[in-house]
Amino acid sequence: MLDKLKKIWQVLNRPSVHYSLGFLTLGGFVAGVIFWGGFNTALEATNREAFCIGCHEMENNVYQELQSTIHFTNRSGVRATCPDCHVPHNWTDKIARKMQASKEVWGKVFGTINTREKFESKRRELAEHEWARLKANDSLECRNCHNFTYMDFTRQSPRAAQMHSTSLASGEKTCIDCHKGIAHHLPDMAGVEGF
């Protein structure tokens with residue numbers, strides 16, 4: 001056993017051309033830790049409300065709308081920020097969403113949504129993309145805070161209690177099916193059934 005350890009140490013201690021294999025391995029590990037730390041730091045920096053409203057032309061559009069909703073100010077002091085509703089908490093889903101969101105950055109860079117008028121002209125398209133994403137993931141971001149299991153249907157209006165219990169039982173609908181426009185104004189829904 002001691003002979004095997006000595007042989008391994010000799011291989012790790014033997015120079016490649018200029019550096020030992022052990023040094024290269026350790027250096028690679030340290031570089032990987034630094035890269036991973038930098039990547040996660042950048043990921044978290046882009047997952048803050050200040051970043052969202054600064055880069056996505058949202059400060060003067062949907063962020064203003066959010067400020068008048070229960071998700072922004074309420075009696076409990078719990079507040080939802082942009083990433084709470086628009087970025088999944090699971091790491092792999094978060095990376096996928098960040099890649100999708102890079103397309104929104106193009107909107108700022110190339111000026112396709114940089115004014116209120118341009119934003120309003122694309123608002124329905126943007127909203128439909130977000131609704132489709134939430135529908136596909138069963139309103140995962142909503143369910144991070146709102147969970148049928150913890151709902152007290154007796155404290156809800158009769159209509160809400162009936163709809164929530166029906167949705168819970170059937171499993172056919174998800175939050176976004178009924179709660180479009182809950183935190184932001186709806187786009188022009190002319191020609192859409194049910195609006």
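In the UniProt record, an unreviewed entry, the annotation "binding site" covers Cys175, Cys178 and His179. The structure shown here is a predicted model. The same label, again from an unreviewed UniProt entry, is listed for Cys142, Cys145 and His146.

- Cys175 lies in helix α10, which covers residues 175–178.
- Cys175 has a relative accessibility of 16%. Buried means under 20%, so Cys175 counts as buried.
- Leaving aside residues up to four places away in sequence, Cys175 touches Ser139, Cys142 and Arg143. One of these, Cys142, is itself listed under "binding site" in UniProt.
- His179 sits in the segment after α10.
- His179 has a relative accessible area of 35%, so it is partly exposed.

- Cys142 belongs to helix α8, made of residues 140–143.
- Cys142 is partly exposed, because its relative accessible area is 23%.
- Cys145 is in the loop between α8 and α9, and α9 spans 158–170.
- Cys145 reaches 64% relative accessibility. The cut-off for exposed is over 50%, so Cys145 counts as exposed.

- Asn61 is in the loop between α3 (49–55) and α4 (62–66).
- Is Asn61 buried or exposed? Asn61 is buried, because its relative accessible area is 4%.
- Asn61 touches Arg116 and Phe119, with residues up to four places away in sequence not counted.
- The side chains of Asn61 and Arg116 are also joined by a polar contact of 3.0 Å.

**Helix α6**

- Helix α6 takes in residues 91–109, 19 residues in total.
- How far does α6 reach from its first C-alpha to its last? The span is 27 Å, close to the 27 Å expected at 1.5 Å a residue.
- The buried residues in α6 are Lys94, Ile95, Arg97, Lys98, Ala101 and Gly107.
- An α-helix has 3.6 residues a turn, so residues three or four places apart point the same way.
- After α6 comes Gly111, with a positive phi near 75°.

How values were computed
Residues are numbered from 1 along each chain as its sequence is written. This is a predicted model: local features need pLDDT of at least 70, side-chain atom pairs count only at pLDDT 80 or more; totals for chains, interfaces and linings use all residues. Side-chain values use heavy atoms; hydrogens and water are left out. UniProt positions are given in the numbering used here, feature names are shortened, and annotations may be inferred rather than shown by experiment. Helices (H or I, at least four residues) and strands (E, at least two) are DSSP runs, numbered from the N terminus. Buried means under 20% relative accessible area, exposed over 50%, partly exposed in between (1.4 Å probe, protein chains only). A polar contact is a pair of N or O atoms within 3.5 Å; within protein, one must be able to donate a hydrogen and the other to accept it, and residues adjacent in sequence count only if both atoms are side-chain atoms. Contact means heavy atoms within 4.5 Å. The expected span of a helix is 1.5 Å times one less than its number of residues.
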